[in-house]
Amino acid sequence: MLSFLKNYIAALLVIHLFIGCNNTEDKLPVLGERETITKEIDGKTVIDTVYQTIPDFSFVNQDSIVINNKTFNNSIYVADFFFTSCPSICPIMSKNLLKVLKKYKGNEEVKILSHSIDTKYDTPWVLKKYANKLGVEGNQWQFVHGTEEAIYGMANRYMVYAKEDESAPGGFEHQGWFILIDKEKKIRGAYDGTDDEQVAQLLKDMDILLEEYR
């Protein structure tokens, strides 16, 4: 398992370096799976590329309100996977997401989506308590609860490893990636949420992504 994680992390770091190399073009790459299709436009056959997108979802947030992918329409957002009783990387991740919230507070084009991987303990009430402890108000940062199948299935779609593991700190093994999603629900960046330099890069890349919609 550790070997798998190391390879997975190495692959994403390469992706991140690729992002950094392409920032000079003021446009972020699209990450994830893709396929080439042939279609006809105005009588002409053209080749187009279809990129991986985040599929439809439905979760309950810290205010016990059902939210779904439409909640994030016309917004870019940062997604992560955590749990409130996490004794290892989650407190650092939350501290760094507060930097994102502080920079874009009140900007309706920017949201944060934190999925709890402790689907048994982290009920909406617990998530609300956690949000209050962080000083998070309003609905710009959504903390969500869902079934084990839905949450872990979604982690795979964001390319984030998460698994219940009794031998791991807190009982869960997971990665601390912040995944940047654009308004078309495509993956545009992956950043180590425990690394100050990568979080700083995320903030720069979010500006670049927002500029694409100007």
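The paragraphs below take these topics in turn.

The model is predicted, and its secondary structure comprises 5 helices and 11 strands. Of the 214 residues in the protein, 48% are buried, and among contacts between residues at least 6 apart in sequence, 69% join residues that lie at least 24 apart. The accessible surface comes to about 11200 Å², with carbon and sulfur atoms accounting for 52% of that area.

In soluble globular proteins, nonpolar side chains tend to be buried together. Here the largest nonpolar core has 56 residues, of which Phe 57, Tyr 77, Val 100, Tyr 158, Leu 180 and Met 206 touch the most other members. Helix H5, which spans residues 196–211, supplies the largest share of this core, with 7 residues. If residues up to four places away in sequence are set aside, Met 206 touches Ile 76, Val 78, Val 100, Tyr 104, Val 110 and Leu 180.

Turning to the cysteines, a search of the whole structure finds 0 disulfides. Cys 86 counts as buried because its relative accessibility is 8%, under the 20% cut-off, and Cys 90, with a relative accessible area of 1%, is buried as well.

Conventions:
Residues numbered from 1 in each chain as written. Predicted model: local features only at pLDDT ≥ 70, side-chain atom pairs only at ≥ 80, totals over all residues. Heavy atoms only, no water. Core = buried A, V, L, I, M, F, W, Y, C linked by side-chain atoms within 4.5 Å. Buried < 20%, exposed > 50% of the residue type's maximum accessible area, 1.4 Å probe, protein only. Helix = DSSP H or I, 4+ residues; strand = E, 2+ residues; numbered from the N terminus. Contact = heavy atoms within 4.5 Å. Disulfide = S-S within 2.5 Å. Areas by Shrake-Rupley, 256 points an atom, 1.4 Å probe, with all protein chains shown as cover.
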